[in-house]
Amino acid sequence: MGITIAILLGFICAMIQYYKVPILKRVVSVYIELSRNTPLLVQLFFIYYGLPKIGIQTNAEICGIAGLAFLGGSYMAEAFRSGLEAVDSIQTESALSLGMSNYQTMAYVVLPQAISVSIPAFMANIIFLMKETSVFSAISLMDLMFTAKDLIGLYYKTTESLFLLVVFYLIILLPISILGSLLERRLRHAGFGS
Amino acid sequence: MAEPILALKNVTKHFGENTVLDDIDLSVHQGEVIVIVGPSGCGKSTLLRCVNALEPIQGGEIYLNDEKIDIKSKKLANLRQKIGMVFQSYELFPHLTVLENIVLAPTKVQKRKKEEVQQEALALLGRVGLLGKEGSYARQLSGGQKQRVAIVRALCMHPEILLFDEVTAALDPEMVREVLDVMLNLAAQGRTMIIVTHEMQFAKAVADRIIFLDGGKVLEDTKPEVFFEAPKTERARQFLSMFEFNVVKSQVEKVSS
Ligand SMILES: Nc1ncnc2c1ncn2[C@@H]1O[C@H](COP(=O)(O)OP(=O)(O)O)[C@@H](O)[C@H]1O
Ligand SMILES: [Mg+2]
C-alpha cells in the first residue's frame, strides 16, 4: 500500500520536474532532499506527532503507510527522473515533428523508453522499501512511538527537538548526497554518450 | 505564380547574443526541391527546426499555405503533420518495430485505421527496398536502412512538404547512395522538399533551387547551374572551392614544379 503510493508520488514528482512546472518543481526538490536525507524513523516521528498538531488525526497504520510513501516517493521520483533524462530530447522532437501532442509524445515515445531504463533502480527501491517495512513492523509501531515519547520527555520541547534532529541529519547527510550527485554527473559525462 | 506552400518572411532567430538567422525570406512552391548549402554552423539546421516550430523565432513570420506557424499555436500539432522531417540521427523509436514506428503517428494522431496504414507502410517499405524488415527493431538495422525507415515514417503522414537535415551525414559511404536514391525518387514524384546536404553532386542533380546560407543570411538563391558554375558571391566561391580537389591539385603541381 505504502509502496504503491510511493510509486504514484514518485511518478508525479518526476513529471513535475520533467516539465519544470514553476513553483511545484521547487517544492518537489525540497521534498526530495528532505525525504532522502532524513532517516525513516525521524520521518515517522514527524508524521505521528506533527500531523495531529496541525489537526490531522493519525493512527499507527496510517502513519506507517504515510511514512513509507513519504520516504519511497523521493526514491521513486529519482528512479523515474533518471529514466526520463536518459531519453534524448531529439526523440521528443522527432515525435513532435510527426504531429504528436505533448501527451502522445510522453505516452508513446518517452515513457516506454524511460521506464525500461528505470526498472533496475525501481526494483532496488522496492526491495529497499520492503526492508524498511519489516524493520518497523518488527519493532511494532506503538513501541517505537513510546520510545519517542520518552526521548522527547527528556528534552521537553517536542517540536524543537524533532526539528533539531532533522537539521542535524541534514547537516551530516546533505554534503554526502551532493557529493553523490556530483559523482553521478561526472560518470555520466565520462562514458555514456551514445 | 501560384501561392507558395511555405513562406518565410523576415525570419530572425537569436540564441542569446548570437544571431543565427538574420532576416530570412524564402518561398517554396508546390513540387519544388530546394537544397540549402552552406558552411557548418551557418544556421541550416536551425532554419529547418524553425519551420517545424522546434525552435521559437524572435522576428518575422512563417506560413504553411495560409496558416501561420507559431510555437504557441493551438493548431501546431496539426501543422506539423503536414511537415515531414527527417533527422541526421534517424530518431527511430527504439522500443518499437519498424512497422510500429511507421504506424504510430498515422493511427494515434490522424486516427486512421491500423490495417489501412499498415498496408500503406508495407507498400512504402517495398518501394525503398525494405520489405521483410517490418518486424525488426532499429538496433538490428544498418544506418542506411534506419534512414530509409525514417523517410517512410515521415511519408506515411502524407506531408505536404518534407524537410531533410543532412540525412546522409552520419552514414558510412556505401550507404549514402541508397538513401540519396530514395530522395531522388521522391523528387521525381514531384514532392515538395527542402534538403540540407553537403553532397554537392546530389545537390546539383536534385535541386530546382539552391540556397546558399552564410552567417545566417541567404547569400544566393538561384538555379543549380548558376550556383555551381558562376556563383555571384565571393563567399559562395570559397565555399564551393572546398569541394574542388582539382584546385588543390593544381596548387600542389605549382608548388612542386
Ligand atoms: N540550442 C542552441 N543553443 C545555442 N546555440 C545554438 C543552438 N543550436 C544551434 N546553435 C548555434 O546556432 C548556429 C547555427 O547552428 P546550426 O543551425 O546547427 O548550423 P548548421 O546546421 O548550419 O551547421 C551555430 O552557431 C550554433 O552554435
Ligand atoms: Mg546542421
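This is a predicted model: local features need pLDDT of at least 70, side-chain atom pairs count only at pLDDT 80 or more; totals for chains, interfaces and linings use all residues.
User: Which residues of H5(A) are buried?

Analyst: A residue is called buried when its relative accessible area is under 20%, exposed when over 50%, and partly exposed in between, using a 1.4 Å probe and protein chains only; helices are DSSP runs of H or I with at least four residues, strands are runs of E with at least two, and both are numbered from the N terminus. In H5(A), the buried residues are A:Gln91, A:Thr92, A:Glu93, A:Ser94, A:Ala95, A:Leu96 and A:Ser97. Because seven of the nine residues of this helix, residues 89–97 of chain A, are buried, the helix is largely enclosed by the rest of the structure. Just after H5(A), A:Gly99 takes a positive phi of about 90°.

User: What is the area buried between chain B and chain A?

Analyst: The size of an interface is often given as the accessible area lost when the parts come together. Buried area is the accessible area, with a 1.4 Å probe, that two parts lose on being put together, summed over both. Between chain B and chain A about 1,700 Å² is buried, and carbon and sulfur atoms give 63% of that area. B:Glu91, B:Phe93 and B:His95 supply 28% of the area that chain B buries against chain A, more than any other three residues. Counting contacts, meaning heavy atoms within 4.5 Å, chain B contributes 23 residues and chain A contributes 15 residues.

User: Which residue forms a salt bridge with A:Glu93?

Analyst: A salt bridge is a side-chain nitrogen of Lys or Arg within 4 Å of a carboxyl oxygen of Asp or Glu. The count between the two chains is one salt bridge, and B:Arg49 forms a salt bridge with A:Glu93, their closest N and O atoms lying 2.7 Å apart. A:Glu93 is also among the buried residues of H5(A).

User: How many helices and strands does chain B have?

Analyst: The secondary structure of chain B comes to 10 helices and 10 strands, and buried residues make up 51% of its 257 residues. Its C-alpha trace spans about 65 × 45 × 40 Å along the principal axes.

Methods:
Residues are numbered from 1 along each chain as its sequence is written. Chains are lettered from A and ligands numbered from 1 in the order in which they are written. Side-chain values use heavy atoms; hydrogens and water are left out.
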